[in-house]
Amino acid sequence: MPPNAFAGAQLSINLDAITPNWRALGARLKSGARAGAVVKADAYGLGMAAVARALHAAGCRDFFVASLDEGVDLRKLLSDCRISVFFGPQPGEAEEFSRHRLKPILNDLGQIELWRTHASRGAPGKAVLQIDTGMSRLGLPPEEVARLEAEPERLSGLDIAFVMSHLACAEQPEHPMNEAQLAEFKAALESLGQIVGPAKTSFANSSGIFLGPEFHFDLARPGAALYGINPTPDKANPMSEVVRLQGKILQVRRVDSPRSVGYGAAHMVARPSWIATVPVGYADGYLRSASKQASGYIRGVQVPVVGRVSMDMITLDVTEIPPEHAQPGALVDLIGGPHSIDAFAAEAGTIGYEILTSLGRRHRRSYIENGREREGAA
Ligand SMILES: *Cc1c(COP(=O)(O)O)cnc(C)c1O
C-alpha cells in the first residue's frame, strides 16, 4: 500500500517537466555558461532525492543547498557532483564539510578565517566566495571586500572555485537594483581578480537568467523555474508545469439561504447553494490566507472557495456545476492544471515559492518519470 493510500488529495510531481525546464534554462545561457540546480528545502518541497537524481541523470553536476545537513543528505544520494552550501561553515562544522566533499560558500571574513584554519591543517581549501551586492543577508559587504583586497593573505591556501552574488529584484526586469548589483559585482570581481586567481563566477537565479547575457556569468543557480514557477511574472510562463494538486470531493450538500458556511460564519449563502467539502486545508499547504480569494476547478470550470480554509478542509460553491460532475469522489483541481501555481499564490497573497515549500505531507504523492507514474516518497 503506498503512503497515504486513502488520502483525499493527489499531488503529482512531474520529473519529466523538471529536466526539460533545466535544459531550457541552460539553453538560454550565453555560450560557455552552464546551469546548476538549487535543491534546498527538499527541492522546494518536491523531494530532493527524486529531483536531484532526475537532474543528475539529465547531466546536471552543480547543486546548491542551503544547509550543511541538506548537503550531507545530497552527498549520500549523488557521489559525482559538486555541492555548494549557501550558509557556509559554522565553528565546528569544517570537518563535516570536508568529509562529505561539500563546498562551503564563505560569506564573511569570519567564515574565510575558519576555512583557512581548517585548510592549514591539510584539508583541501576548495570553497566559494559570496559577495553581498544588495541583499544584506549573506556575503561579504563592500568594506570586507576592501579588507580582503588590502590583506590578500586572508585567502592564502584557499582554492576559490567561484565568486558569486545574489540578485534581489531579478523578477522585475526594469528594477534599477539589477544594473546596480551587476555593476557592484563586476567591481568586486575586478578588485579581487588578482587575489582569487582564475575563479569562475555565478550571479543569476531563475529570473536573473532572463535579464540577458550580461547577467549569466559562468554558472547560473536556478531553483524556482525548474519547478514550474514563472521566472518572468509580467510575461507568459516559459516553463513547463511540474506540480498538480487535486482534491476529491468528500460531500456535497444543499445549503438554503440564509445560512452560514465555515468558521466565523464568514460566508453567508445568498441563494440556495450546493456546497462541496474537499479534504484539503491549511495543514496540507492550502494556505488559510486563500480564504475567500481562491478557486478550484471542476473539469475546467471555476468553483469559488467559500468561507474560511479550515485545517483539514475547504468548502467550494459548486451550484453552477451539473450534479453528476460534483459528486463525492469527483476531482477538483486546486493547484496546477487550469489553475497555475502562480495564480493560486496570488490569491493567497504570497509567491509560488511559499506554496511549493508549504505543500503538506498528507497528500497521496506520485512522481511522473520517463513517462511512468509511481506512487510514494521521493
Ligand atoms: C534560493 C537561491 C537561489 C535560487 O533562486 P530562484 O529564484 O529559486 O531561482 C539562487 N541563489 C541563492 C543564493 C539562493 O538562496
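This report describes the fold, the core and several individual residues of a predicted model.

**Overall make-up**

The protein has 378 residues, of which 53% count as buried, and its secondary structure consists of 11 helices and 21 strands. Along the principal axes, the C-alpha atoms of the protein fill a box of roughly 80 × 45 × 40 Å. The accessible surface comes to about 16700 Å², and carbon and sulfur atoms make up 51% of that surface. Among the contacts in the protein with a separation of 6 or more, 65% are accounted for by residues 24 or more positions apart.

**Domains and core**

The chain is divided into domain 1, covering 32-226, and domain 2, covering 243-375. The contact between them takes nine residues from domain 1 and 10 residues from domain 2, while the C-alpha centres of domain 1 and domain 2 lie 39 Å apart.

In soluble globular proteins, nonpolar side chains tend to be buried together. The largest nonpolar core in this model holds 115 residues, and the members that touch the most other members are Val-39, Leu-55, Phe-63, Leu-129, Tyr-227 and Tyr-286. Because domain 1 (32-226) and domain 2 (243-375) both give residues to this core, it lies between them. A second, separate core has five residues, including Val-255, Val-261, Val-269 and Ile-275.

Which residues does Tyr-286 touch, when residues up to four places away in sequence are not counted? The residues touched by Tyr-286 are Val-280, Gly-281, Ala-294, Ser-295, Val-305, Val-309, Ile-314, Leu-334 and Phe-344.

Helix 4, which spans residues 68-77, has Leu-68, Glu-70, Gly-71, Val-72, Leu-74 and Arg-75 as buried residues. The elements against which the buried residues of helix 4 pack are helix 2 (40-44), helix 3 (48-57) and helix 5 (94-99), together with strand 4 (62-65), strand 5 (82-85) and strand 6 (102-106).

**A buried histidine in a loop**

His-339 lies in the loop between strand 19 (331-335) and helix 10 (341-347). Is His-339 buried or exposed? With a relative accessible area of 3%, His-339 falls under the 20% cut-off and is therefore buried. Leaving aside neighbours within four places in sequence, His-339 is in contact with Ser-295, Tyr-297, Leu-334, Phe-344 and Glu-347; of these, Ser-295, Leu-334 and Phe-344 are also touched by Tyr-286. The C-alpha atoms of His-339 and Gly-300 are separated by 8.8 Å, although these residues are 39 residues apart along the chain.

Ser-12 has its place in strand 1 (residues 9-14), and at 13% relative accessibility Ser-12 counts as buried. Apart from neighbours within four places in sequence, Ser-12 is in contact with Val-242, Val-243, Arg-244, Ser-366, Ile-368 and Glu-373. Asp-16 is found in helix 1 (residues 15-28) and is partly exposed, with a relative accessible area of 29%. When residues up to four places away in sequence are not counted, Asp-16 touches Ile-368, Glu-369, Asn-370 and Gly-371.

**Backbone features in loops**

Asn-370, one of the residues touched by Asp-16, is found in the loop between strand 20 (364-369) and strand 21 (372-375). Phi of Asn-370 is near 50 degrees, a positive value in a residue other than glycine, and Asn-370 is exposed, with a relative accessible area of 64%. Ser-136, likewise not a glycine, has a positive phi of about 50 degrees; Ser-136 has its place in the loop between strand 7 (126-130) and helix 7 (142-150), and is exposed with a relative accessible area of 65%.

Where is the cis peptide bond? A cis peptide bond joins Ser-257 and Pro-258, with omega at about -5 degrees, and Pro-258 lies in the loop between strand 12 (251-255) and strand 13 (260-261).

Notes. Residues numbered from 1 in each chain as written. Predicted model: local features only at pLDDT ≥ 70, side-chain atom pairs only at ≥ 80, totals over all residues. Heavy atoms only, no water. Helix = DSSP H or I, 4+ residues; strand = E, 2+ residues; numbered from the N terminus. Buried < 20%, exposed > 50% of the residue type's maximum accessible area, 1.4 Å probe, protein only. Contact = heavy atoms within 4.5 Å. Areas by Shrake-Rupley, 256 points an atom, 1.4 Å probe, with all protein chains shown as cover. Core = buried A, V, L, I, M, F, W, Y, C linked by side-chain atoms within 4.5 Å. Domains from an automatic or database assignment.
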